[in-house]
Amino acid sequence: MVTEIAPAMHHRLLDRLASDRSGWSRADRVGALRDLERLRSWLTAQEAALLADCHREADDVSSGARDLAQLCQQTGKVGYGDAKRRARRAHQLPHLQATERALASGRLGSAQADELCGLAERLEPEKRHVLAEHEVGLVAELAEMTPTQARKRLARFDQDLQDDDGTSRHERQRARNSHRERKHGDGTSTFFTHLDPVAASQI
């Protein structure tokens, strides 16, 4: 759980931003932008921890909100999509300790952490232990990636999990076979069929 006091570097950054920046060099400005990203990640981790506290103590329901997402909308005046992301972090980060630590330390960006939280939310319960086993390595990879690259990397990880379920590719394709009929007012029908390669070859 994230409970640490804000690192001294964040206090120094805030002092610098409040000072006269007219004499800053390009290196000063670029360095401050990097430090701002670390601060943003730290704040995201703190917000998620606080929201998790709110959920545990039922502050969301007690305050008249339907859930954490609606509480975020009420307190932050943010859109529903942003509120859902914040609530997802609060629900998932306590179970993703390597992700939470990397976010709080500024090593992992908020967007990359959101991708990991999204994957954790989508996974079936019996497969979450696999994510836990690979989390440290994934965090290290995602820390060097853009959000788009992180999404693609986690999509491959998710696909590998789906493929490694003890069934063959053909069995998975056959399980998705479907056939449905749409009747029209003039008495005719339109059929929609999805077949695996073997079944399709026999028609």
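**Exercise 1. Find where helix H8 bends, and by how much.**

Step 1. Locate the helix. Helices here are DSSP runs of H or I with at least four residues, strands are runs of E with at least two, and both are numbered from the N terminus. H8 covers residues 128-142.

Step 2. Locate the bend. H8 bends by about 55 degrees at Glu135; the bend at a residue is the angle between axes fitted to the seven residues ending there and the seven starting there.

Step 3. Compare the span with that of a straight helix. The expected span is 1.5 Å times one less than the number of residues. With 15 residues, a straight helix would reach 21 Å, but the end C-alpha atoms of H8 are only 18 Å apart.

Step 4. Note the basis of these values. This is a predicted model, in which local features need pLDDT of at least 70 and side-chain atom pairs count only at pLDDT 80 or more, while totals for chains, interfaces and linings use all residues. Residues are numbered from 1 along each chain as its sequence is written, and side-chain values use heavy atoms, with hydrogens and water left out.

**Exercise 2. List the buried residues of H8 and state which helices they pack against.**

Step 1. Apply the cut-offs: buried means under 20% relative accessible area, exposed over 50%, and partly exposed in between (1.4 Å probe, protein chains only). In H8, Val130, Leu131, Glu135, Leu138, Val139 and Leu142 are buried.

Step 2. Find their partners, where contact means heavy atoms within 4.5 Å. The buried residues of H8 pack against helix H6 (97-105), helix H7 (110-122) and helix H9 (147-163).

Step 3. Ala102 lies in helix H6 and has a relative accessible area of 0%, so Ala102 counts as buried. Beyond its neighbours within four places in sequence, Ala102 is in contact with Arg107, Leu108 and Val139.

**Exercise 3. Describe the lining of the largest pocket.**

Step 1. Define the pocket: on a 1 Å grid over the protein atoms alone, an open set of points where a 1.4 Å probe fits, with protein on both sides within 12 Å along at least five of seven lines; lining residues have an atom within 4 Å of a point.

Step 2. Sort the lining. Its residues divide into four nonpolar, four polar and four charged. Nonpolar covers Ala, Val, Leu, Ile, Met, Phe, Trp, Tyr, Cys and Pro; charged covers Asp, Glu, Lys and Arg; the others, Gly among them, are polar.

Step 3. Find the main contributor. Helix H2 (residues 26-56) gives the most to the lining, with four residues. The lining residues include Arg34, Arg107, Leu108 and Leu142.
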